[in-house]
Structure formats: C-alpha cells, structure tokens
Amino acid sequence: ATQPYDDQNIFAKILRGEIPSQRVYDDEFAIAFHDIAPQAPTHLLVIPKGAYVSWDDFAARGSDAEIAGFVRAVGTVARAAGLVEPGYRLLANVGQHGHQEVPHLHVHIFGGAPLGPMLA
Ligand code: 5GP
C-alpha cells in the first residue's frame, strides 16, 4: 500500500509557494520548475497540483481529468522548452527501488543534449 501523503514534503511547499522555485509552467492541474541539481542541460520537474505520493498513487486515485491534465502539461512543458524536435527523456521514479526521494509525484524532463542510452 502507498504511504500516506505528507503535506510537508518539499514539493508540497514549492506548490504552496512556501519555498522558492524557478517555475516555468502553471495551470489548473500541474506546475513545472527547474530541478535544483540538474542532471542534463535542461532538467525540469512536472508535478500535479493534487496530493499524490507517486505515479502509482496518481494512477490509482487520480481523476480522469487530473490524469489527462497532467499528461498534457508534461507535453506542453517539453514543447515550450523547445525539446520536441531534438528529443527528450521522461522519467518517474517510484518508491524505494525506484530511488524516489521526494514523496510527491514528479516527472523529470531531461534534454538539451544527446542523453545516451540511459541516465544513472
Ligand atoms: P527523485 O529522486 O525523487 O525522482 O527526484 C527528486 C528531484 O528533486 C532530484 O532531481 C532533486 O535534485 C530535486 N529536488 C530536491 N529538492 C529540490 C528543491 O528544493 N527544489 C528543486 N527545484 N528541486 C529539488
């Protein structure tokens, strides 16, 4: 079972504006901001506005509107960053073995250079 949502996690605080972020996108369902420790020339994080621990939690409990809105937001953010033609990578770490560090669903967008077969 998924852990309960902790509303003191760092991305919850970023969502509420309690700690700063370099926000690049904001709509009804999602925000996006620059990762604080970029692992590619472009490294953005997209998070849903709803309180979801992980991809698994979101897929299980998210409404169809939230899921559609979030998926569209990820695409819009990558497109707005100019990543579509050169290409980019999406990543969502889930849980302990997935090395998820922040317990609010986030999708990483990596781009800005050829990435090779995989990021560590
Ligand atoms: P995870 O391992 O959970 O998939 O990734 C968490 C990501 O959040 C990491 O890439 C890390 O650099 C980023 N991160 C952690 N704390 C902060 C923060 O306070 N602000 C921003 N912008 N990114 C953060």
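## Overall fold

The protein chain holds 3 helices and 5 strands. This is a predicted model. Along the sequence, the elements follow the pattern α-β-β-β-α-α-β-β. The radius of gyration is 14 Å, close to the 14 Å that the globule rule gives for 120 residues, so the chain is as compact as a globular protein of that length.

The C-alpha trace spans about 40 × 30 × 30 Å along its principal axes.

## The sheet

The 5 strands form an open sheet. Their order is β1-β2-β3-β5-β4, and the pairing is antiparallel. Two strands sit at the edges: β1, residues 23-26, and β4, residues 88-91. Each of these edge strands pairs on one side only. From one strand to the next, the twist averages 20 degrees.

Strand β3 covers residues 42-48, and strand β5 covers residues 107-111. The two run antiparallel and are joined by 5 bridges. In general, strands of a sheet pair through backbone hydrogen bonds.

## The helix on the sheet

Helix α3 spans residues 64-80 and packs on the sheet. This helix touches β1, β2 (30-34), β3, β4 and β5. The direction of α3 makes about 160 degrees with that of β3.

## Burial and contacts

Of the 120 residues in the protein chain, 27% count as buried. Take the contacts with a separation of 6 or more: residues 24 or more positions apart account for 59% of them.

Conventions
Residues numbered from 1 in each chain as written. Predicted model: local features only at pLDDT ≥ 70, side-chain atom pairs only at ≥ 80, totals over all residues. Pairing = 2+ DSSP bridges. Helix = DSSP H or I, 4+ residues; strand = E, 2+ residues; numbered from the N terminus. Axes fitted to C-alpha atoms, helices over the stretch in contact; angles between N-to-C directions. Contact = placed C-beta atoms within 7 Å. Rg over C-alpha atoms; globule rule 2.2 N^0.38 Å. Buried ≥ 20, exposed ≤ 12 C-beta atoms within 10 Å, placed from the backbone.
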